[in-house]
Amino acid sequence: MCLFIISLYLKTRKNENNVLLYFSEFSIVFAIWMIGEARMLQFFIGNVAIISLLPFVAILIFPLPFVLFVEEACELHHPLEKKFLTGIYWAFTLNLIVSLSIHLLNIYALPESLWMTHILCGVGMTGVVVCCLYEAIKFKNEDARKLLRAEGIFFLFAAIEMIKYYLGTSINLAVTQYLRIGYIIFAIMIGADSIAKIQRMSDERKEREYYQKLAYIDLLTHGRNRTAYMEEMDTLFQKGSPEGIGLILFDLNNLKKINDELGHLTGDEAIQKAYQCIEDVFGKIGKCYRVGGDEFACVIMNAERDILENLEISFRTVIKNAGDGLKYDFQVAMGFAIYSQEIYGDKAYEGLYSQADQNMYQDKANLKKMRQVL
């Protein structure tokens, strides 16, 4: 039951692997089988008919989650292996339906039709061993090798109990010493391997997510990079004409001069400082990006011109304060445009970008003139 609860927790964490879930389902049904044969249910259930039938129903059910467990745990490569497991799963399902039907129709009692389940179990165990053996040898499948080792022990004890059952030396098939020992060993081995595998897969998923996130991060500023910007714009403009989208373009002035005179470390510091100023002012209403060496952008949904003009004034103040005391002239030019279908028509992104770029270069020229005057 603990394994089942753990597996459900992992499902809520969007873990795609169901190994532990199927194994815990198999374990629960197997435990019901053992408890039923041990006659322990008579302390909780007064109906003798239910108590006597429950272990036989459990025998019919437990192969189903076991087959699903094998298929999930091994990650089979050959299509015939998958077809075999699918076929044997539906065979067990049909056996469950037929056995219950003929019992309810008083044709055969469940104990009398148990031989059909035993035959299917024999076929299933042989097939599973062959599949795992083939996977381990042909494809060097480590999961199949581990499963083969564990199920080999369990199948051996199960086979001994079947033989004793038909020889009449064991009254109860499920509760004798051999099968208990076999299942305990099997459960310990598989449980440990399954938990380790799921932990490994979880770590790999986190690592993939980390590197995927890293692909959209600028390593110098730790902000969004050009890839993130292009994907954002593609998404927005593929939906049609995104009325009201605001695009602000920025350019850090004199970066080459800073690099040449003060070194690239100082140039990197200027880039970081510029991005931080942009993020501080515009990051509250939009997404900010570093799209080139000294180029930045900000995308704003439902932009309003008067708000952007007020933020531009605030941005000038922030840039001036950030440049105080520096050994270089710290200036960032900016220009914005707001998309309108009436203005840009079918040009969409190209028209919006072109207008923002023109405004930014006009601001760049104005800043240069002001500096010359000063």
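Buried here means under 20% relative accessible area, exposed means over 50%, and partly exposed lies in between (1.4 Å probe, protein chains only). With that in hand, welcome to this predicted model, in which local features need pLDDT of at least 70, side-chain atom pairs count only at pLDDT 80 or more, and totals for chains, interfaces and linings use all residues. Residues are numbered from 1 along each chain as its sequence is written, and side-chain values use heavy atoms, with hydrogens and water left out.

**The chain as a whole**

- The chain holds 14 helices and four strands; helices (H or I, at least four residues) and strands (E, at least two) are DSSP runs, numbered from the N terminus.
- Of the 374 residues in the chain, 44% are buried.
- Accessible areas come from the Shrake-Rupley method with a 1.4 Å probe, and for residues only the protein chains shown count as cover.
- Among contacts (heavy atoms within 4.5 Å) with a separation of 6 or more, 69% are between residues 24 or more positions apart.

**Helix α6 and its surroundings**

- Helix α6 covers residues 114–138, and its buried residues are L114, T117, H118, L120, C121, G124, M125, G127, V128, C131, C132 and E135.
- The 25 residues of α6 should span 36 Å at 1.5 Å a residue, and its end C-alpha atoms are 36 Å apart, which agrees; the expected span is 1.5 Å times one less than the number of residues.
- W115, I119, V123 and Y166 make a nonpolar surface patch of about 430 Å², and α6 gives the most to this patch, with three residues.
- Patches are made of residues with over 30% relative accessible area and no salt bridge, where like charges are joined within 9 Å and nonpolar side chains (Val, Leu, Ile, Met, Phe, Trp, Tyr) within 5 Å.
- W115 sits in α6 and is partly exposed, with a relative accessible area of 47%.
- Just after α6 comes K140, in the loop between α6 and α7. Phi of K140 is near 55°, a positive value in a residue other than glycine, and K140 counts as exposed at 68% relative accessibility.

**Nonpolar cores**

- A nonpolar core is a set of buried Ala, Val, Leu, Ile, Met, Phe, Trp, Tyr and Cys residues joined through side-chain atoms within 4.5 Å.
- The largest core has 46 residues, of which F26, F30, F69, V70, L147, F154 and F186 touch the most other members.
- The elements giving two or more residues to this core are α2 (19–37), α3 (48–61), α4 (63–74), α5 (79–104), α6, α7 (142–167) and α8 (177–214).
- Not counting residues up to four places away in sequence, F26 touches F62, P65, F66, F154, Y183 and F186.
- A second, separate core of 29 residues includes I278, F282, F315 and A322.

**I248 in strand β1**

- I248 lies in strand β1 (residues 246–252) and is buried, with a relative accessible area of 0%.
- Leaving aside neighbours within four places in sequence, I248 is in contact with F282, F296, A297, C298, I300, L308, M334, G335 and F336.
- I248 and I338 are 90 residues apart in sequence, and their C-alpha atoms are 8.8 Å apart in space.

**Salt bridges**

- A salt bridge is a side-chain nitrogen of Lys or Arg within 4 Å of a carboxyl oxygen of Asp or Glu, and by this rule the count is nine.
- E142 and R145 meet in a salt bridge at 2.2 Å, N to O. They are three residues apart in helix α7, which means a separation of about one helical turn. E142 is partly exposed at 38%, and R145 is partly exposed at 37%.
- D218 and R290 form a salt bridge, with the closest N and O atoms 3.1 Å apart. This pair links distant parts of the chain, as D218 is in the loop between α8 and α9 (226–238) and R290 is in strand β2 (residues 287–290), 72 residues apart. Both D218 and R290 are buried.
- E232 and K287 form a salt bridge, with the closest N and O atoms 3.6 Å apart. E232 lies in helix α9 and K287 in strand β2, so the pair ties together parts 55 residues apart in sequence.
- E312, R316 and D363 are linked in a network of salt bridges.
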